[in-house]
Structure formats: structure tokens, C-alpha cells
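Here is a friendly briefing to read alongside the model. Please have the structure open as you go.

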Amino acid sequence: MSATTAGSGPVGPVTEGTGAHGPRRARATLRAADGVRIDAAYEPGPGPVGGPVVVLAHGFTGDLDRPHVRRAARFLARHAAVVTFSFRGHGRSGGRSTVGDSEVLDLAAAVTWARSLGHGRVITLGFSMGGSVVLRHAGLHGLAERRAAPDGAVNGPADGADGTAAGTNGGRTEARGGAHGAETALAVPLPGPALPAPLSEADRLVFAGGRADRTDLVIAVSSPARWYYRGTAPMRRLHWLVTRRLGRTVGRLGFRTRIRPGDWDPVPLSPTALAPYIAPVPLLLVHGDRDPYFPLDHPRALQRAAGTHGELWIERGMGHAENATGEALLGRLWRWAERTGTAAGA
């Protein structure tokens, strides 16, 4: 697949390969559309070949080998095939983390691989940073499809439903200072009406790609709604980790996370800016009422942006992301995906 598409198949050896009756458990290296190599793993699940597959997107400083990621993958593999992968800059993957921008290309590569294994229905499930990535990925595809409609119209609001323009944060333009990795926009003109905001390079690569990496259902757990949020102590620490040289050293040595220095340029479209374009793909937002990173205005802003299409679960007593998502909640997430996918004919 060319460098302008949203992902590719394995570029290294698949450790366990495929059997006579379909794909078996496997570990592979994928190549994202910008050339970064992504470590990925596959669990076939109990169902028939061609059944649903869950593509699991971890949070910042996680990777596919972390215990909390493996726990979620093992549980979900009781019900469906599961693809896990490590975002760039995490674990065995190459590159450096951009904390939510270029990571859409990593997800696209994982979804493309899942479909290449014969799965007709893909569920993207993301936690924290991974939640923002699954929202952005689905929203970029939805926006691209609307711009490609025969009438050339974008069917959906270009502004967030909380009254702020897409690409803004609480009524102010998202500044480029203190960002999470330099990106430059491609000088490739795109047809159709004006976009909500300038696209980053990664956004353009997903936007201009085909449908091989599209998703059929989206679940975002503990996702931020907007960029540059510093309203809680954990998020202030995270910003120090990302924006300061010493912080990035701590990230590399202490958390096995390699972070790209520099600012976003331009700022990638935020989860709230893209949430209106996810429909008609079913969307579930899940957030704990004791989340120490992102308070409840984040999921509520995402739901407002998604409109009646987005379903929101506020979980009593729940903290943040994978570590706070127990088997009972994972079971409910799977049942929602199974029920919703059947109803939607996905």
C-alpha cells in the first residue's frame, strides 16, 4: 500500500502465522502510512472466521504488553477476535509519540490488518489517549465521506455542539505553544467545501485514504474532549512530561515512552471537532465520575458534539481508563457492541 494510504499489512515476520482454518494467534510489525513501524498482536477469539474483531487502543504510556492492556484483551478475546497494538513511541513500536495526532495512522494500520485477516466488522475501543484517537479516526472518515457526497455538502455541524468552533478550546483558539509533537500540513489541495480547520499531516493521510481502515462501531473510554487541558493535577504533570526536556527523559526512562519534542503545527482536529461526523457509525462514550484526569465536562461535551447519535455512560465510582475498567464493565461494553452491531446490520 502506498505512503498516502491509511495503513499496511505486516512488514516483518508474523510470529505464528495462519492455519488451515483461518488466522491463529499472531504477532506482527505493521507500517503506518507515514512509514512508522507498529508492533501489533492478534487473538482469534472463539467465533467463526469473518466474525467481529475488537481493535484495542491503549492510553498514553501504555503498550500492548502492559498488564492492564493484556487483561482487557484476554477478556474480550472470550467473545471476539482482538487486535492490540502499541502506539508509536510506546513499547516495541518505532517513532515517537505525538500524544494523539499521528496516532490515528497507527490505529488505521491496525484496523487495516484486522480486515486483512478476514473480519467484516471492526469495533475500535480506545482508552484515554486511545479514546481520543478512535474518535478522531472515525470522525475523519465520516468527514471525508460527507465531502465526497454527490452534492459536495458536509452533512453535519462544523462547530462543536458546546458553541465553540471546531479547533477551539473553551472559546479560545487552540494555541500552538506547549503542544505534543511537530506536524506540518501537506500541501495537497482537497476538493469540496472548506474543512473545519487546517488538517495536520496525519489527519490528511487518514482523510485521503481509502475505506480499508474504516470502523463499524466506536467505543471511547475516559477520552479527553479537547486539547491542552490542564485543569487537574495529573494533567499538569502530563503536560510537564510532554513539553519539558527533562519530562521527556523521564517518559523515556521511567515509562518506556518516547515523546516527540516541539509543537503541533497545525493543531490536529480535536475529538469534539470530529465527533459530529462519526454518525452513522454507532458511538459509545464511557467515563468515570471519579476520573482524576478529565472531569465530566469532557464526556458531556463529546456527547453534545455527537448529538443524539452518541450514547454516554457515566460510571459511578470509576476512575481512569484501562486500570479502572473491570471485567464487569468490559462485559457490558461487549454486550453493547454485539447488540448495537446487530441492530445496525454492521
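L246 lies in helix 6, where helices (H or I, at least four residues) and strands (E, at least two) are DSSP runs numbered from the N terminus. This is a predicted model, where local features need pLDDT of at least 70, side-chain atom pairs count only at pLDDT 80 or more, and totals for chains, interfaces and linings use all residues. Residues are numbered from 1 along each chain as its sequence is written, and side-chain values use heavy atoms, leaving out hydrogens and water.

**Exposure**
- L246 counts as exposed because its relative accessibility is 55%; the cut-offs are under 20% relative accessible area for buried, over 50% for exposed and partly exposed in between (1.4 Å probe, protein chains only).
- V99 is buried, with a relative accessible area of 12%.

**Backbone**
- Most residues other than glycine have a negative phi, and most peptide bonds are trans.
- V99 has a positive phi of about 55 degrees and sits in the loop between strand 6 (81–85) and helix 2 (103–116).
- T61 also has a positive phi, near 75 degrees, and belongs to the loop between strand 5 (53–57) and helix 1 (67–76).
- D265 and P266 are joined by a cis peptide bond with omega about 0 degrees; P266 is in the loop between helix 6 and helix 7 (271–274).
- Another cis peptide bond links A279 and P280, with omega about 10 degrees, and P280 is in the loop between helix 7 and strand 11 (283–288).
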